Amino acid sequence: METKFYKYQGAGNDFVIVDNRDEHFDGDNVELIASICDRRFGVGADGLMLLQSHPEHDFVMRYFNADGREASMCGNGGRCIVAFARKLGVIDNNTTFLAVDGIHEAVIDANGLVNLKMQNVPAVENGGDFFFLDTGSPHYVRFADDIDSIDVVKEGRQVRNSERFAAEGTNVNFVQLRDNGIKVYTYERGVEDETLACGTGITASALCAAIRTGKEEGYFPVEAKGGQLEVSFKRSGNQFTEIWLKGPATFVFDGTIAID
């Protein structure tokens with residue numbers, strides 16, 4: 001059997017997306033999903049998403065890491081699947097959809113940028129030289145004066161596989177404050193490598209930057225290796241609400257792939 005797929009990227013964070021409203025694609029097939037995401041023998045992607053029907057919301061987003069396992073929330077994936085849903089005619093420019101961490105709102109603006117509302121963050125752990133929080137996925141955040149000097153894969157892997165995080169894993173973000181925003185590099189669990197951008201990681205990094213700089217509300221422009229994004233928020237101590245992740249979500253190509 002052949003199935004149609006679509007390739008999207010959000011600031012270099014790339015995904016294979018399948019319209020699975022008829023549920024023809026087996027989301028429990030870990031080996032199949034991993035093979036599709038493989039960059040040498042498959043389509044190649046940081047993850048795969050299934051768009052599925054829901055009786056009360058516009059659609060359901062199921063997200064899988066490149067290792068084939070169903071995963072926690074992916075912010076850039078969420079923005080890309082919103083753009084895909086509009087391409088299919090499932091939505092117009094506004095939507096509510098269900099993801100693994102709950103209901104999300106999203107708006108596509110006149111420039112085609114997708115603004116995705118993230119879940120509230122009730123607490124942020126301040127470890128002194130790091131922060132830890134959940135923005136739909138767990139994130140370890142460390143600030144540095146020059147993140148270009150950091151070996152993101154080596155140091156990210158050390159944290160991800162440390163005694164505290166080895167069992168469940170964590171994403172690891174290195175953040176540099178800048179006059180006009182922040183710069184973020186991320187090592188992602190499940191991909192087990194650096195990615196060009198990570199939506200939930202960029203969100204986590206911006207919230208930690210707000211704590212570090214004393215910013216109560218507003219936004220941070222964010223530079224990732226794959227492009228520019230923006231995070232807006234309201235803060236009360238270490239609690240955050242009205243968190244929005246904004247950036248591009250771009251169609252790359254489509255095709256068909258054989259499924260045994």
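1. A word on terms to start: buried means under 20% relative accessible area, exposed means over 50%, and partly exposed lies in between (1.4 Å probe, protein chains only). This is a predicted model, in which local features need pLDDT of at least 70 and side-chain atom pairs count only at pLDDT 80 or more, while totals for chains, interfaces and linings use all residues. Residues are numbered from 1 along each chain as its sequence is written, and side-chain values use heavy atoms, with hydrogens and water left out.

2. Let us begin with the salt bridges (a side-chain nitrogen of Lys or Arg within 4 Å of a carboxyl oxygen of Asp or Glu). The whole structure holds 17 of them. One joins Glu-125 to Arg-164, with the closest N and O atoms 2.7 Å apart. Glu-125 sits in strand 8 (residues 125-126) and Arg-164 in the loop between helix 3 (152-160) and strand 11 (171-178), so this pair ties together parts that are 39 residues apart in sequence. Both partners are partly exposed: Arg-164 has 47% relative accessibility, and Glu-125 has 32%. Helices and strands here are DSSP runs, numbered from the N terminus (helices H or I, at least four residues; strands E, at least two).

3. Glu-223 belongs to strand 14 (residues 217-224) and Arg-178 to strand 11, so the pair links parts 45 residues apart in sequence. Glu-223 is partly exposed at 24% relative accessibility, and Arg-178 is partly exposed at 36%. Elsewhere, salt bridges with shared partners join Lys-7, Asp-14, Arg-39 and Asp-46 into one network. Within that group, the side chains of Asp-46 and Arg-39 meet at 3.0 Å, N to O. Asp-46 is buried, with a relative accessible area of 6%.

4. Helix 1 (residues 30-37) has Leu-32, Ile-33, Ile-36 and Cys-37 as its buried residues. Seen down the helix axis, these fall within an arc of 130°, so they line one face of helix 1; the arc is taken from the directions from the axis to the C-beta atoms. An α-helix has 3.6 residues a turn, so residues three or four places apart point the same way. The buried residues of helix 1 pack against strand 2 (13-19), strand 3 (47-52), strand 4 (60-65) and strand 17 (250-258), where contact means heavy atoms within 4.5 Å.

5. Of the 15 residues, 13 are buried, so helix 4 is largely enclosed by the rest of the structure. Gly-214 follows helix 4, with a positive phi near 80°.

6. Finally, a look at Ala-71, in the loop between strand 4 and helix 2 (75-88). Ala-71 counts as buried at 15% relative accessibility. Setting aside neighbours within four places in sequence, Ala-71 is in contact with Tyr-63, Phe-64, Asn-65 and Val-100.
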